[in-house]
Amino acid sequence: MSNGFSASADPPPRFIAEELCHASPAALARTLAAFGFTRRLMTAARIGTPLWFESSLRTVTLRDAVADWLVLLMQGAALPLCWICSVSGDWIDSSGGAKGRGLVSLGAFAWRITVEAATARLLSLHGYRKGHNHAAA
């Protein structure tokens, strides 16, 4: 019985988009600018940000692994202040009312579009074309 996956299948588009957004510091900066963030207010270790509290409910090993990941407090003209993990893409707005896992979900929030549309937009932003080998930008 097949599980619907094959060893030669391409990774899901959302996974590819996430990888491209994190491919380099320049790729992350390009992604955040495309969302409308215009200013980084501060950088902190994840342990010192609102994102830490999600991790506090998980295992000690996971908490220790992510505690030092850098989190950016970003500001944009039409967006609420957001804490964004530069490693995982986890994010939360300053009120705690909006949050998500990954930069694709942040794109959907910032652009007010579906996750599928945000995935397509990010793939295009980073020059992805199916079937072509892409180096980290």
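This is a predicted model: local features need pLDDT of at least 70, side-chain atom pairs count only at pLDDT 80 or more; totals for chains, interfaces and linings use all residues.
In one of the pairs, D90 bridges to R46, with the closest N and O atoms 3.0 Å apart; because D90 lies in the loop between β3 (79–85) and β4 (91–93), whereas R46 lies in the loop between β1 (37–45) and α3 (52–55), the pair ties together parts that are 44 residues apart in sequence. The side chains of R101 and D90 likewise meet in a salt bridge, at 3.0 Å from N to O, and since R101 is placed in the loop between β5 (99–100) and α5, this pair ties together parts that are eleven residues apart in sequence. With regard to accessibility, D90 counts as buried at 8% and R46 counts as buried at 2%, while R101, at 39%, counts as partly exposed.

Helix α5 (residues 103–111) is largely enclosed by the rest of the structure, because eight of its nine residues are buried; among them are L103, V104, L106 and W111. Just after α5, R112 adopts a positive phi of about 55°.

H126, which is located in the segment after α6 (115–125), is buried, with a relative accessible area of 13%. When residues up to four places away in sequence are not counted, H126 touches L20, C21, A27, R30 and T31. D64, by contrast, is found in helix α4 (residues 60–66) and counts as exposed at 57% relative accessibility; D64 and I47 are 17 residues apart in sequence, with a C-alpha to C-alpha distance of 9.1 Å.

Note on methods: Residues are numbered from 1 along each chain as its sequence is written. Side-chain values use heavy atoms; hydrogens and water are left out. Helices (H or I, at least four residues) and strands (E, at least two) are DSSP runs, numbered from the N terminus. Buried means under 20% relative accessible area, exposed over 50%, partly exposed in between (1.4 Å probe, protein chains only). Contact means heavy atoms within 4.5 Å. A salt bridge is a side-chain nitrogen of Lys or Arg within 4 Å of a carboxyl oxygen of Asp or Glu.
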